[in-house]
Amino acid sequence: MKGSNSILIKNGTVATLGEKNQILEDFDLLIENGEIKKIAKKISVGEPGCGVKVISARNKLVLPGFINAHTHYYSSFACGFNKAASSANFLEVLENLWWRLDKELLLEDCYYSALVANIDAIKKGTTTLIDHHASPNAITGSLKKISEAVLFAGVRASLCYEVSDRDGKKIKDTGIEENLNFIKALQARPNPMLSAIFGLHASFTLSDETLSMVAKKNEADKVGFHIHCAEDMADQKNCVDKHKKRVVERLASHGILGSKTILAHGVFLEEEELDLIAKSQSAVVHNPQSNMNNAVGVANILKMRERGILVGLGTDAMTTNMLEELRSAIWVQRLQQKNPSSAFSECCDLLVKNNRKIAQRYWPALSSNSFELKKGAPADVIIVDYNPATLLNADNFYGHLVFGAAQATVDTTIVSGKILMQDKKLSGLDEEQIKEEARRVSSLLWERV
Ligand SMILES: [Zn+2]
């Protein structure tokens with residue numbers, strides 16, 4: 001029965017990261033046909049040569065792969081781009097950099113920027129990504145192109161196209177169509193590696209007419225929306241000036257909120273807006289490094305948590321390393337509150353518990369215990385080269401995650417039972433060749449911008 005689809009991870013320190021995190025010392029983990037078959041001590045797979053791939057995790061930490069709940073693949077091609085004028089505020093950052101860059105993206109750029117981001121994700125142990133894409137002059141087919149890069153890399157991703165009125169009616173309509181086509185294609189041919197959400201840019205670039213229209217069009221599919229929300233005060237100011245409402249009130253009035261909707265950022269939210277989010281069960285995704293980089297502010301995730309809002313952690317493409325983002329989340333909360341004891345377990349929960357709950361909303365076909373290490377869960381497993389110098393147990397696991405494992409290297413990344421990286425070497429992806437092609441493509445992009 002066991003064969004080439006089986007992997008046995010031996011003698012690791014397994015952190016299950018489920019609802020109740022267990023630390024299992026010197027345990028084995030057996031993977032069969034993409035699923036976790038067994039987690040136990042001294043699992044035997046019979047004679048050598050029986051086809052089971054054995055990986056030693058001795059002195060290493062075995063974890064479920066990390067989830068990035070908000071990112072932009074196309075941002076990979078902004079690394080080192082220095083033709084953007086310096087910006088005095090968030091809107092200028094969009095105008096001087098992102099809206100210049102995204103307008104010049106071709107389908108080839110969409111593919112390669114996604115592929116290189118996925119390679120980086122694999123190296124950092126991030127195995128599931130929720131992406132938000134824009135390429136206003138290469139919309140049709142862009143999600144399919146990105147999905148090819150996702151499937152080729154072997155990670156899981158949820159994709160959407162960010163609809164906006166900022167480039168006129170034709171581009172807005174094409175964006176709506178791209179979301180609907182991708183949603184329908186996935187519904188017709190479900191793929192456990194992929195998921196679809198309906199993407200929207202942000203309140204300040206969307207008309208009332210567009211918001212009502214997309215709510216209606218998405219009614220049947222009910223896949224939820226993925227939208228930037230109150231990332232900067234400018235979003236709120238525009239909304240109050242133009243629509244006499246706060247951003248979340250406006251989104252709620254158009255039917256955009258719901259248990260499958262992701263509101264990215266939520267830096268400037270008032271009490272009434274938090275109530276609406278809590279009531280609708282929408283998720284908020286916190287992106288602290290991006291908020292610091294754009295100098296917009298710090299989201300009050302503790303207040304959101306008190307309201308029972310599901311808050312996850314994203315990177316907004318600042319990194320693919322979720323532990324780096326987690327550390328930033330903690331530091332900035334503490335600095336803002338001038339309290340060196342605050343926000344530690346709350347921030348860890350965003351990544352460890354809440355991102356799992358968010359991802360489960362978008363992969364309903366996977367088992368209910370997916371994104372944790374448990375029998376029957378899809379085998380998204382990473383092995384981190386972390387041999388702690390101090391005692392590690394379930395009570396102090398977060399301390400080790402933030403101050404220890406975050407500084408360690410990911411050794412092995414497995415998604416859906418497929419080894420994507422082992423001994424820090426990618427399997428099945430020629431990184432050198434892909435990066436060379438990405439540099440060629442991105443150089444041409446930079447020339448066009
Ligand atoms: Zn974003």
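These legends walk through several close-up views of one predicted model.

View 1. Let us start with the whole protein chain, whose domain assignment gives domain 1 (6-65 + 372-426) and domain 2 (66-362). How far apart do the C-alpha centres of domain 1 and domain 2 lie? The answer is 30 Å. Contact between the two involves 19 residues of domain 1 and 24 residues of domain 2. On the side of domain 1 that touches domain 2, at least two residues each are supplied by β15 (381-384), α13 (397-403), β16 (410-415) and β17 (418-422).

**View 2. The largest nonpolar core.** This view turns to the largest nonpolar core, made of 129 residues. Which helix gives the largest share of the core? That is helix α2 (residues 107-124), with 10 residues. Both domains take part, as the core draws at least three residues from each of domain 1 (6-65 + 372-426) and domain 2 (66-362).

**View 3. Helix α2 from end to end.** Here we stay with α2 and follow its length. The helix has 18 residues, and at 1.5 Å a residue it should span 26 Å; the C-alpha atoms at its ends are 26 Å apart, so the two values agree. Is α2 mostly covered or mostly open? It is mostly covered, since 14 of its 18 residues are buried, a label that takes 20 or more other C-beta atoms within 10 Å. Just after the helix comes Gly 125, with a positive phi of about 80°.

View 4. Strand β1 (residues 6-15) and strand β2 (residues 23-32) run antiparallel and are joined by 7 bridges. Across this pairing, Ile 9 has Leu 29 of β2 as its bridge partner.

**View 5. Asn 11 and Lys 42, two residues with positive phi.** Neither residue is a glycine, yet phi is positive in Asn 11, near 55°, and in Lys 42, near 50°. Where does each one sit? Asn 11 has its place in strand β1, whereas Lys 42 is found in the loop between β3 and β4 (53-56). Asn 11 counts as partly exposed because it has 18 C-beta neighbours inside 10 Å. Lys 42 is exposed, with 9 other C-beta atoms within 10 Å.

**View 6. An open sheet of parallel strands.** Now for a sheet in which 4 strands line up in the order β6-β7-β8-β9, with parallel pairing. Why do β6 (66-71) and β9 (194-196) stand at the edges? Each has a single partner strand, so one side of each is left without a neighbour in the sheet. From one strand to the next, the twist averages 15°. Helix α3 (residues 142-153) packs on this sheet and touches β7 (126-131), β8 and β9, with its direction at about 170° to that of β8. Strand β8 (residues 156-159) and β9 run parallel, joined by 3 bridges. In this pairing, Ala 157 stands opposite Leu 194 in β9.

View 7. The last stop is Ile 262, which lies in strand β12 (residues 262-265). Is Ile 262 buried or exposed? With 28 other C-beta atoms within 10 Å, Ile 262 is buried. Leaving out residues up to four places away in sequence, Ile 262 touches His 70, Ile 130, Ile 197, His 226, Ala 283 and Val 285. One of these, Ala 283, is 21 residues away in sequence, while its C-alpha is 4.9 Å from that of Ile 262.

Notes:
Residues are numbered from 1 along each chain as its sequence is written. This is a predicted model: local features need pLDDT of at least 70, side-chain atom pairs count only at pLDDT 80 or more; totals for chains, interfaces and linings use all residues. A nonpolar core is a set of buried Ala, Val, Leu, Ile, Met, Phe, Trp, Tyr and Cys residues joined through C-beta atoms within 7 Å. A residue is buried if 20 or more other C-beta atoms lie within 10 Å of its own, exposed if 12 or fewer, and partly exposed in between; C-beta atoms are placed from the backbone. Domain bounds come from an automatic or database domain assignment. The expected span of a helix is 1.5 Å times one less than its number of residues. Two residues are in contact if their C-beta atoms, placed from the backbone, lie within 7 Å. Two strands pair if DSSP finds at least two bridges between them. Axes are lines fitted to C-alpha atoms, for helices over the stretch in contact, and angles run from 0 to 180 degrees between N-to-C directions.
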